[in-house]
Amino acid sequence: MTIRDLANPTVYLSLTTAILAFGLDRAHKAFQVSADCIAIGAATCVEVFTSYVPFAMTGWRGGEIVRVTDFFDYVLVWNTGISYGLLDGLPVWALGLVMLVAIVALGIWWLRADSALIRLGLAFCIGGALSNAVDRLIYGAVADFFHLHWGTWSFYIFNVADVAITIGVILLIADLIGLGRPRKSTA
């Protein structure tokens with residue numbers, strides 16, 4: 001990225017997107033999760049094993065479940081791994097290091113990107129990944145809320161940051177297959 005690139009509106013659009021993805025997820029979790037759960041990596045609320053219907057939509061500690069439809073529940077589940085619970089056995093500091101390396105790599109890619117679609121996709125990914133990293137730091141695990149299921153089949157439980165990351169990956173795939181690029185004339 002050069003000084004001239006800073007005049008490009010797509011740079012500001014992508015930065016705004018990253019901030020919005022991060023901010024929406026942080027606001028959602030600040031509203032939902034109990035302040036008692038903040039313990040800088042200590043995971044004070046993670047070991048909740050019961051599930052119950054809460055009296056209020058704030059102050060959740062884990063195990064809360066609200067049935068919304070036959071295929072969607074609103075819950076609070078603590079993910080101590082990475083995506084889909086992978087690397088669940090690693091200590092919080094090791095997972096934090098993995099996430100830090102990923103965020104730095106995405107940031108370098110964003111700085112070097114010359115396509116608006118790539119920058120936007122990376123911005124969604126960076127904003128979501130940063131928010132999940134903050135969860136690890138302040139809660140010791142990532143707070144997930146949205147559970148899609150059908151019968152005995154269960155899709156993984158995710159949060160707003162995961163939605164942002166997914167949108168970002170879709171935009172990166174769209175760029176990879178050539179969407180948004182001018183077509184070359186065949187003359």
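1. Helices α2 (92-112) and α3 (116-139) each contribute at least two residues to the lining of the second largest pocket, helices here being DSSP runs of H or I with at least four residues, numbered from the N terminus.

2. The model is a predicted one, in which local features need pLDDT of at least 70 and side-chain atom pairs count only at pLDDT 80 or more, while totals for chains, interfaces and linings use all residues. Residues are numbered from 1 along each chain as its sequence is written, and side-chain values use heavy atoms, with hydrogens and water left out.

3. The second largest pocket holds about 170 Å³ of space. A pocket is an open set of points on a 1 Å grid over the protein atoms alone, where a 1.4 Å probe fits, with protein on both sides within 12 Å along at least five of seven lines, and its lining residues have an atom within 4 Å of a point. Among the lining residues are Val92, Met99, Ile103, Leu130 and Arg136. By class, the lining comprises seven nonpolar, one polar and one charged residues.

4. One disulfide is counted, a disulfide being a pair of cysteine sulfur atoms within 2.5 Å. Cys37 and Cys45 form this bond, with their sulfur atoms 2.0 Å apart, and the torsion about the S-S bond is about -95 degrees, so the disulfide is left-handed.

5. Cys37 and Cys45 are both buried, that is, under 20% relative accessible area with a 1.4 Å probe and protein chains only. Cys125 is likewise buried, at a relative accessible area of 6%.

Conventions
Points joined across faces, edges and corners; volume = space filled by probe spheres on them. Nonpolar A, V, L, I, M, F, W, Y, C, P; charged D, E, K, R; others polar. Buried < 20%, exposed > 50% of the residue type's maximum accessible area, 1.4 Å probe, protein only.
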